[in-house]
Amino acid sequence: MIIKKYMANNINEALTRIRHELGKEAVIISQRKIRKPGIKGYFSEKLIEVTAAVENYSVGTSKKNVDVTQEDNFKSSLDNLKKIMNKEIESKKVPVLAKKEEVIPPIVNLSLESEVAQMKELLNKVLKNTEKEEVEEDELLTLIKELDIDTFFYDELKNRVGNEDIKGKLREIVKEDIKIIDGELKGNVVLVGPTGVGKTTTIAKLAGRLSLIDKKKVGLITVDTYRIGAVEQLKTYAEIMNIPFKVVITMKDMEEAVKSMENCDIVLIDTTGRSSKNAMQISELRAFVQKAKPDSVNLVISSTTKNKDIKTIVDGYKELDYESIIITKLDETTVYGSLYNIQKVAQKPIGYITIGQNVPDDIKVPSKEEVVRLVFGEETLC
Ligand SMILES: Nc1nc2c(ncn2[C@@H]2O[C@H](COP(=O)(O)OP(=O)(O)O)[C@@H](O)[C@H]2O)c(=O)[nH]1
Ligand SMILES: [Mg+2]
């Protein structure tokens, strides 16, 4: 497109020159009355300034004053600028052009040179606006995203945090919300949770600690009848630690197994991971758990669980009436917001966290302050 500005004494004169130079296809973009520059202009008649454009430079029109190579160069730099701007807007995903305060003028130009200049100016505005937007993003939102705290809690946290010392307040709130179980494991302890979260490994760790370190009488029961490998895994640990071990297949087996371990201080009961989405399977598991007459049921959940899945799991296992949660695989993540998310969704205290595959070492009861430090990235487990 060629855009040119004409100064003439009247519109007819301007039109004649436009038709002569740009051809019949030329269109008038704007016209305005102006004075000649300088003092003299105040004492003379007004001139008319007409801006005209033509899409394609047609054959037969005069090519006077138009350097086609130069025009091509401008066009390509214009295209490049447009590409850069689009990329910039796309990457920052900021609705820059929709911002109210910043009115970006339409690109109506006098020449390709000035169109390029205007595009440059526009690009600078886009970049400046984007930077501003980033700085202006809500401090709390930025912070919770950084800590991997689920933005689902944003509204609630915003209300509680207020407007000053956001980080300090959030720290207080996290500390207030985090609950750690009070008291030791005793009696019949059941672990439930999805497949692969680390239930069997956690049972082995607990058995090791309780029997080898705390010198308690520990018994092991597993209803993990699906995966023979898992049964073998626990059986091996039981043999090494020299503690009684029973595999349970029917409900009657469960009753008998629990009875046979009455003399134990703690009986750790492993279960098969069943999909929390399948209600039927959960009720089946519930019947087994009830037969075990548990002193506590603990939900095992991995810290690597996606935020969206936490609620499904937590709700799915509600029927089992778990009283605490064990959060596993904290060694597999570098941000520990999930400690907050899981605890907050489950509304049950944290019993243990596990931090690796080593039996029995990689398990501990964290302190409240430790959880807060982990969530705020002040401490790491890797
Ligand atoms: N990195 C890591 N891996 C773990 C942890 N706890 C268990 N695992 C591993 O997770 C996998 C599944 O564990 P398992 O105890 O069989 O899970 P289950 O299906 O819930 O009984 C195994 O490879 C374990 O070694 C942990 O705290 N950290
Ligand atoms: Mg298992």
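Rings of Phe, Tyr and Trp are taken as a pair if their centres lie within 6.5 Å, and planes over 60 degrees apart make the pair edge-to-face. In the predicted model described here, Phe152, Phe153 and Tyr340 form one aromatic cluster. The structure holds 2 aromatic pairs. In one of them, Phe152 and Phe153 are edge-to-face, with 5.5 Å from centre to centre and 75 degrees between the planes. The rings of Phe153 and Tyr340 have centres 5.9 Å apart and planes at 85 degrees, so this pair is edge-to-face. The pair of Phe153 and Tyr340 links distant parts of the chain, as these residues are 187 residues apart. Phe153 is found in the loop between helix H5 (139-147) and helix H6 (154-161), while Tyr340 belongs to helix H13 (residues 337-346).

Phe153, with a relative accessible area of 6%, is buried. Tyr340 counts as buried because its relative accessibility is 1%.

For the chain as a whole, 14 helices and 11 strands are assigned. Of its 382 residues, 44% count as buried. The chain exposes about 21300 Å², of which carbon and sulfur atoms supply 51%. Among contacts between residues at least 6 apart in sequence, 72% join residues at least 24 apart.

Several polar atoms of the protein lie by oxygen atoms of ligand 1. A polar side-chain atom of Thr354 is 2.6 Å from an oxygen atom of the ligand. For Lys329, a polar side-chain atom lies 3.2 Å from an oxygen atom of ligand 1. In Gly356 the atom concerned is a backbone N or O atom, at 3.1 Å from an oxygen atom of ligand 1. The protein covers 84% of the 580 Å² of accessible area that ligand 1 has on its own.

Thr354 counts as buried because its relative accessibility, 3%, falls under 20%. The side chain of Thr354 reaches the backbone nitrogen of Lys329 at 3.2 Å. Leaving aside neighbours within four places in sequence, the residues in contact with Thr354 include Thr202, Lys205, Ile326, Ile327, Thr328, Lys329, Leu330 and Asp331. Asp362 and Ile363 are also in contact with Thr354.

Strand S10 is also involved in the packing of helix H14. In H14 (residues 368-375), the buried residues are Glu370, Val371, Val372, Leu374 and Val375. These residues pack against H5, helix H7 (166-177), H13, S10 and strand S11 (363-364). Gly377, which follows H14, has a positive phi, near 65 degrees.

Further backbone features were found in loops. Most residues other than glycine have a negative phi, and most peptide bonds are trans. The peptide bond from Val359 to Pro360 is cis, with omega near 5 degrees. Pro360 is found in the loop between S10 and S11. Asp165, a residue other than glycine, has a positive phi, near 45 degrees. The position of Asp165 is in the loop between H6 and H7, and with a relative accessibility of 54% Asp165 counts as exposed. Lys215 is likewise a residue other than glycine with a positive phi, near 55 degrees. The loop that holds Lys215 runs between H8 and strand S5 (218-222). Lys215 is exposed, as its relative accessible area is 67%.

Arg35 is found in the loop between strand S2 (27-34) and helix H2 (40-43). With a relative accessible area of 38%, Arg35 is partly exposed. The C-alpha atoms of Arg35 and Lys46 are separated by 4.8 Å, and these residues are 11 residues apart along the chain.

Methods:
Residues are numbered from 1 along each chain as its sequence is written. Chains are lettered from A and ligands numbered from 1 in the order in which they are written. This is a predicted model: local features need pLDDT of at least 70, side-chain atom pairs count only at pLDDT 80 or more; totals for chains, interfaces and linings use all residues. Side-chain values use heavy atoms; hydrogens and water are left out. A polar contact is a pair of N or O atoms within 3.5 Å; within protein, one must be able to donate a hydrogen and the other to accept it, and residues adjacent in sequence count only if both atoms are side-chain atoms. Accessible areas come from the Shrake-Rupley method with a 1.4 Å probe; for residues, only the protein chains shown count as cover. Helices (H or I, at least four residues) and strands (E, at least two) are DSSP runs, numbered from the N terminus. Buried means under 20% relative accessible area, exposed over 50%, partly exposed in between (1.4 Å probe, protein chains only). Contact means heavy atoms within 4.5 Å. Rings of Phe, Tyr and Trp (its six-membered ring) pair if their centres lie within 6.5 Å; planes under 30 degrees apart count as stacked, over 60 as edge-to-face and the rest as tilted.
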